[in-house]
Amino acid sequence: MASRAFARLRTLFEDVEDAVVLVRNGRVRLAGAAAERFFGHEGLPTVAELYDSAVASPDGRVTQECDFTTADGDRRRARITAVDRRRDRSVRGVVVTCRDITEEHRLRRRVACQAMHDPLTGLANRALFGNRLELAVHRYRRGGAPVSVVFLDLERFRPVNERLGHGAGDRVLREIAVRLRQASADGDTVARLGGDEFAVLVQEPGHGVACALAVAVAEPIVLHEAVVEVGVRVGSATIDGSETADDLLFRAALGVQAAKAGAGV
């Protein structure tokens, strides 16, 4: 009787598309063909590690996502669910189901990335910049290092669109994004806040940071249509006291307005 039940389990495991593994007392007793393709024989003991987790779980079930390497050497993502079925006389073990969710995982990451990045330049957008600025301010209040914000407002950019077209304007913005990344230190966050406004969250403030960013932006940009020179007004602010993230960004933006007023713009 037991052998017939085990044979039915084997047939069931072979018929499903997901990788299904039967674990008894922490050891793999049965694995479907999909499981062998996913993990290979050497990878199956890793799946068996979920046995203890499922048994200890209040509802006898545990689910997790993990990366794994297939028997063919491909890197994939799986959602693995282990269910305690020891009381089921036809099973008498923990059933581990593994579903390949690689494409779903990649789609989720793309959507999350698009929600937090400027689609034209690939830089952080205003939302992501704000999140990172708030975290930096929180760390500072807990005794961390000070940070500063550099706000950059392009000049003479509108005539580029009017004279050369929006395609040329987009190429200018992408080139400026590249230059700002190159002129920023590792760990800094470079963002396009919208239109022709950019900002950099500087982790190690220094007197020459804003100037270096401005110089990088102001260098002539060579397009197929023409050589473009885009000016920039810069304002910067270093965190001081009990400022909020919005306060710090606003103070940096005020620096831009003061620079424009001083130039009679």
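In the hairpin of E7 and E8, which has 2 residues between the strands, Gly195 adopts a positive phi near 60°. Helices (H or I, at least four residues) and strands (E, at least two) are DSSP runs, numbered from the N terminus, and two strands pair if DSSP finds at least two bridges between them.

The model is predicted: local features need pLDDT of at least 70, side-chain atom pairs count only at pLDDT 80 or more, and totals for chains, interfaces and linings use all residues. Residues are numbered from 1 along each chain as its sequence is written, and side-chain values use heavy atoms, with hydrogens and water left out.

**The chain as a whole**

The protein chain holds 9 helices and 11 strands. Of its 265 residues, 42% count as buried; buried means under 20% relative accessible area, exposed over 50%, and partly exposed in between (1.4 Å probe, protein chains only). Contact means heavy atoms within 4.5 Å. Among contacts between residues at least 6 apart in sequence, 57% join residues at least 24 apart.

Axes are lines fitted to C-alpha atoms, for helices over the stretch in contact, and angles run from 0 to 180 degrees between N-to-C directions.

Strand E8 (residues 197-202) is mostly covered, with 5 of its 6 residues buried. Strand E7 (residues 189-194) pairs with E8 in the antiparallel sense over 5 bridges, and Val190 has Val200 in E8 as its bridge partner. Strand E6 (residues 148-155) pairs with E8, again in the antiparallel sense, over 6 bridges. Ser148 stands opposite Val202 in E8, and Val149 stands opposite Leu201 in E8.

Leaving aside neighbours within four places in sequence, Arg192 is in contact with residues including Asp118, Leu120, Leu173, Glu197 and Phe198. Leu193 also has its place in strand E7, and its relative accessible area of 9% makes it buried. With neighbours within four places again left aside, Leu193 is in contact with Arg126, Phe129, Phe151, Phe198, Ala199 and Leu249. The C-alpha atoms of Leu193 and Asp153 are 10.0 Å apart, and the two residues are separated by 40 residues along the chain.

Leu173, a contact of Arg192, is one of the buried residues of H7, among which are also Ala168, Gly169, Val172 and Ile176. Helix H7 (residues 166-183) has 18 residues and reaches 26 Å from its first C-alpha to its last, close to the 26 Å expected at 1.5 Å a residue. The expected span is 1.5 Å times one less than the number of residues.

**The sheet of E2, E1, E5, E4 and E3**

A further 5 strands form an open antiparallel sheet in the order E2-E1-E5-E4-E3. Strand E2 (27-31) and strand E3 (61-69) stand at the edges with a single partner strand each, so one side of each is left without a neighbour in the sheet. Neighbouring strands here are turned by 30° against each other on average, direction ignored. Strand E1 (residues 19-24) and strand E5 (residues 93-100) pair in the antiparallel sense over 5 bridges; Val20 has Thr97 in E5 as its bridge partner. Helix H4 (residues 102-116) packs on the sheet, touching E3, strand E4 (75-85) and E5, and its direction makes about 115° with that of E4.

| Strand pair | Sense | Bridges |
|---|---|---|
| E6 and E8 | antiparallel | 6 bridges |
| E7 and E8 | antiparallel | 5 bridges |
| E1 and E5 | antiparallel | 5 bridges |

**Cysteines**

A search of the whole structure finds 0 disulfides, a disulfide being a pair of cysteine sulfur atoms within 2.5 Å. Cys66 is in no disulfide. The sulfur of Cys98 has its closest cysteine sulfur in Cys66, 7.6 Å away, which is too far for a bond. Cys98 counts as buried, at 0% relative accessibility.
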